[in-house]
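Subject: Structure handover

Hello,

Please look at the model before reading on.

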Amino acid sequence: MASNATSFTSPLASAKLGAVAVPPQLEYVIDTISKASGWTIVFTLLAALVAWDQIKYVLNKGTIAGPSWKIPFIGPFLESIDPKFEEYYAKWLSGPLSCVSVFHKFVVIASTRDMARKVFNSPSYVKPCVVDVAHKLLGADNWVFLDGPAHVEFRKGLNGLFTRRALEIYLPGQEEVYNRYFKTFLDITKNAGGKPVPFMPHFREVITAVSCRSFVGHYISDEAVKKIADDYYLITAALELVNFPIILPYTKTWYGKKAADMVLAEFAKCAAKSKVRMAAGGEATCIMDAWVKQMIDSQKWREAVASGNTEGIEKPTQLLRDFTDYEISQTIFTFLFASQDATSSAATWLFQTMAQRPDVLDRVREENLKVRNGDIHASLNMEQLESMTYTRAVVRELLRYRPPVLMVPYLVKKPFPISEDYTVPKGSMVIPTTYMALRDPEVYPNPDYFDPERYYSGDAEVKGAKNYLVFGVGPHYCLGQQYAQLNLALFVGKASLLLDWKHHPTPLSEEIKVFATIFPKDDCPLTFEERKW
């Protein structure tokens, strides 16, 4: 066989480009590439990608404020791992619009009131996007990711869960949780030998407990609530504005996904129990019950219509389909997601600020004692809670003074002409901030001073109607804004009657730590004692 072998040489081996006529300039380029080493080609491609990354950034940036160039590919990712309020604030001050670029994402920051409101009120151009990993944690088919008519229709079915009548149903459960945790606060101080303890983690736990009680009632065990409170930190960490975009084992997003799956599983069990109880004619005591009851009433109405006899049956305000246990779980999880960090932040600052301002706390205590007719243990109904105008003004001002939600990310669906001379590119993120509108000195004189009189006897409610962006505006405004404010008023009002507390300031007490929301950098060291009357 070897003797029959023949050698074969390709006719192209000694030809440059065969019969193809090639300009001398191109021939030189091809010849250079053919002689280049692998590393030379790699570095050349890398240089081209770096150049394109810079060119794309500069083109997207246009005339708005921002770095003149970006760190190739990753941008300020390393800085964003440990976000600092001072850096955010400097960015807001740099101009009405500014930008950064992290990994593949170009981000435009809208700092002024009018720019922020334009983003909130432009659903045809933008939609809420949270962060990339949120779809994996909350579920890609979660209602919060719906857009346009589908979002509007789903939201209509939730409006009834936050009416005045519905909110009153949740009050007994909230009072029950606060009474239990006030005893825990006393035990924490006692076990620490009377020394101050950072209370931010404990406020997170009590807010988790009261949220779970309001959302899923007694269908969930105390042990499961404690587990959710402990692990929710992992979900918050996974949902930080800048994070690694894919889930890898033992990363923040991996731990966050495991925690989210646990919460969804617990809430799905609660949904199944609620369906059984509501179908048996049970009384609604939580948000989940109220929603399931709406589904049952809707089904009864449809059956009555189908039978041709609707006599004695009241048509529900909003007809709902039957949702699966998992769909109910997903939706309730979004309520926890929306409330947990923000309310924990507000509660922490509220207790710190009340300790620093005994004059304000005394007035809160006086009002709460009066509305309870001198009985410090009396429960409140909705009418009594709403009548406490000073306590509610304190909460309102606290949310202005230390707004829990600094920024709300949106995805740009199509080129967005946000101003006369700048259009946000499609696919970018645009992030309105609430902070600067709430610190406008023309609307809020001496804006860095905590002053409940702005909302009690002043004109801040009217004058600042367009500035109070704490709960957003537009089609995605916060459904639970009244629930959140009344809950905080109940919390601090009951505490004022049953507890005395002292803040132990440190050099970091007034410095702001950013962790999804904002907290004091020292985590609010407090001591509690039972109030003696």
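Is Asp261 buried, partly exposed or exposed? Asp261 is partly exposed, with a relative accessible area of 35%; buried stands for under 20% relative accessible area, exposed for over 50%, and partly exposed for what lies in between, using a 1.4 Å probe and protein chains only.

Two notes on the source. This is a predicted model, in which local features need pLDDT of at least 70 and side-chain atom pairs count only at pLDDT 80 or more, while totals for chains, interfaces and linings use all residues. Residues are numbered from 1 along each chain as its sequence is written, and side-chain values use heavy atoms, with hydrogens and water left out.

Overall picture

The protein chain has 19 helices and twelve strands. Helices (H or I, at least four residues) and strands (E, at least two) are DSSP runs, numbered from the N terminus. Along the principal axes, the C-alpha atoms of the protein chain fill a box of roughly 110 × 65 × 50 Å. Of the 533 residues in the protein chain, 49% are buried. A contact means heavy atoms within 4.5 Å. Among contacts in the protein chain between residues at least 6 apart in sequence, 73% join residues at least 24 apart.

Salt bridges

Side chains of opposite charge can pair when their charged atoms come close. The rule used here for a salt bridge is a side-chain nitrogen of Lys or Arg within 4 Å of a carboxyl oxygen of Asp or Glu. By this rule there are 27 salt bridges.

- Asp261 pairs with Lys257, and their closest N and O atoms are 3.0 Å apart. The two residues are four apart in helix α11 (residues 252-279), so about one helical turn separates them. Lys257 is partly exposed, at 23% relative accessible area.
- Asp448 and Arg439 form a salt bridge at 2.8 Å, N to O. Asp448 counts as exposed at 56% relative accessibility, whereas Arg439 is buried at 10%.
- Asp500 and Arg531 form a salt bridge at 2.7 Å, N to O. This pair links distant parts of the chain, with Asp500 in strand β9 (residues 499-503) and Arg531 in the segment after β12 (525-530), 31 residues apart. Asp500 is partly exposed at 24% relative accessible area, and Arg531 is partly exposed at 22% relative accessibility. Through salt bridges that share partners, Asp362, Arg365, Asp500 and Arg531 are joined into one network.

Two packed helices are described by the angle between their axes and the distance between the axes. Axes here are lines fitted to C-alpha atoms, for helices over the stretch in contact, and the angles run from 0 to 180 degrees between N-to-C directions. Angles under 35 degrees count as roughly parallel, over 145 as roughly antiparallel, 65 to 115 as roughly perpendicular, and the rest as oblique.

How do α9 and α13 cross? The axes of helix α9 (residues 200-216) and helix α13 (residues 325-356) come within 8 Å and cross at roughly 140°, and the two helices are therefore oblique to each other. Residues of α9 that meet α13 include Met200, Phe203 and Ile207, and those on the α13 side include Ile332, Phe335 and Phe351. By class, the contact of α9 with α13 has ten nonpolar, seven polar and two charged residues. Ala, Val, Leu, Ile, Met, Phe, Trp, Tyr, Cys and Pro count as nonpolar, Asp, Glu, Lys and Arg as charged, and the others, Gly among them, as polar.

Helix α14 (residues 358-371) also packs on α13, at an angle of about 105° and with the axes 5 Å apart. That makes α13 roughly perpendicular to α14. Met354, Ala355 and Gln356 of α13 make the contact with Pro358, Val360 and Leu361 of α14. These divide into five nonpolar, one polar and no charged residues.

Single residues

Phe103 has a positive phi, near 55°, although it is a residue other than glycine. Phe103 lies in the loop between β1 (97-102) and β2 (105-110) and is partly exposed at 23% relative accessible area. Tyr250, also not a glycine, has a positive phi of about 70°. Tyr250 sits in the loop between α10 (222-238) and α11 and counts as exposed at 61% relative accessibility.

Regards
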